[in-house]
Amino acid sequence: MARVEGETRELDYSSTFRLFEKLASNSTPSSSHAATVFADLDDAEHRHAAEIAEAMPIIAVGRSSRVVDIGCGGGRWATTLVREIDPPVANYTGVDFSPTLIGLARQLPLGGTASFHVMSADALDLNVLGHGYTHALVTALCLYLNDSSVDAMIGSVSKLVRPDGRFYLREPVSLTGTRLTLIDEFSERIGDSYNAIYRTLEDYEAMMTRHGFDIERSGFLSAPAFHRHATTRHRYFLGIRR
Ligand SMILES: C[S@@+](CC[C@H](N)C(=O)[O-])C[C@H]1O[C@@H](n2cnc3c(N)ncnc32)[C@H](O)[C@@H]1O
């Protein structure tokens with residue numbers, strides 16, 4: 001177990017993969033969201049409602065929106081975008097590296113508007129995903145990725161999204177001014193160990209800008225559910241594709 005401040009350390013994806021597969025295999029389509037945020041269902045639903053209330057006006061989808069969601073888990077955003085808002089979006093595409101989470105997402109009653117694919121975030125298949133999306137979502141994914149993977153993922157997102165398209169990225173960031181990397185950190189809440197990187201907000205802004213997104217807006221999510229830790233806090237970035 002290590003907590004590394006400042007210097008860059010590489011994460012081992014095989015343990016992250018095993019963790020999400022294990023969490024997913026103990027879940028149902030309606031409870032997978034709780035598993036992926038390491039919370040009980042009430043807490044997860046409260047968090048989700050809080051993010052929807054704050055983020056939906058920022059993301060600003062409409063009836064003709066085409067949304068791609070990288071690291072979609074069991075389809076939390078899909079249910080909201082396809083079933084819960086009026087009007088629903090025209091099309092939603094979710095991607096995750098966990099086949100079991102994607103299997104759960106495919107069982108959601110979403111009709112033909114939503115599709116889900118098993119893909120690693122750093123090897124997105126643009127031939128399968130297509131292009132011309134009006135919106136991209138990435139929430140609580142990058143903390144599990146090494147820098148080169150975040151860079152590759154954002155580079156792919158910039159090809160998926162059309163000019164003027166909106167990219168909502170929301171990740172826990174370090175509040176100390178330097179990155180924090182956790183390796184094999186045991187969590188009572190998860191009942192297992194996990195690996196994660198908490199970058200600075202400048203790190204994310206630089207990567208988005210480098211790949212063709214102007215940062216139109218950025219801020220901390222205000223709900224207490226998103227700032228439970230002293231040294232990290234969830235921050236959103238809204239990029240507009242140049
Ligand atoms: C904390 S969950 C967030 C899920 C969803 N974005 C949300 O906000 O509810 C992190 C997700 O990232 C996925 N993930 C982690 N590493 C990944 C990778 N290398 N490629 C694709 N998905 C990955 C996990 O399987 C999990 O579904």
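Student: Which residues do ring pairs link into a cluster with Phe20?
Tutor: Phe38 and Tyr144 are linked with Phe20 into a cluster by ring pairs. Before we go on, this is a predicted model, where local features need pLDDT of at least 70, side-chain atom pairs count only at pLDDT 80 or more, and totals for chains, interfaces and linings use all residues. Residues are numbered from 1 along each chain as its sequence is written, and side-chain values use heavy atoms, leaving out hydrogens and water.

Student: Why is the pair of Trp77 and Tyr168 called edge-to-face?
Tutor: The ring centres of Trp77 and Tyr168 are 6.1 Å apart, within the 6.5 Å limit, and their planes stand at 75°, over 60, so the pair is edge-to-face. Trp77 is in helix α4 and Tyr168 in strand β6 (residues 161-174), so the pair ties together parts that are 91 residues apart in sequence. Helices (H or I, at least four residues) and strands (E, at least two) are DSSP runs, numbered from the N terminus.

Student: How do you know whether Phe167 is buried or exposed?
Tutor: Buried means under 20% relative accessible area, exposed over 50%, partly exposed in between (1.4 Å probe, protein chains only). Phe167 has 0% relative accessibility, so it counts as buried. Phe213 is also at 0%, so Phe213 is buried as well.

Student: Why is helix α4 said to be largely enclosed by the rest of the structure?
Tutor: Seven of the nine residues of α4 (residues 76-84) are buried, so the helix is largely enclosed. Among them are Arg76, Trp77 and Leu81.

Student: What makes Arg235 count as lying over the face of Phe220?
Tutor: A charge sits over a ring if NZ of Lys or CZ of Arg is within 6 Å of the ring centre and within 35 degrees of the ring normal. Arg235 lies over the face of Phe220, at 4.6 Å from the ring centre. Arg241 lies over the face of Phe213, at 5.9 Å from the ring centre.

Technical notes:
Rings of Phe, Tyr and Trp (its six-membered ring) pair if their centres lie within 6.5 Å; planes under 30 degrees apart count as stacked, over 60 as edge-to-face and the rest as tilted.
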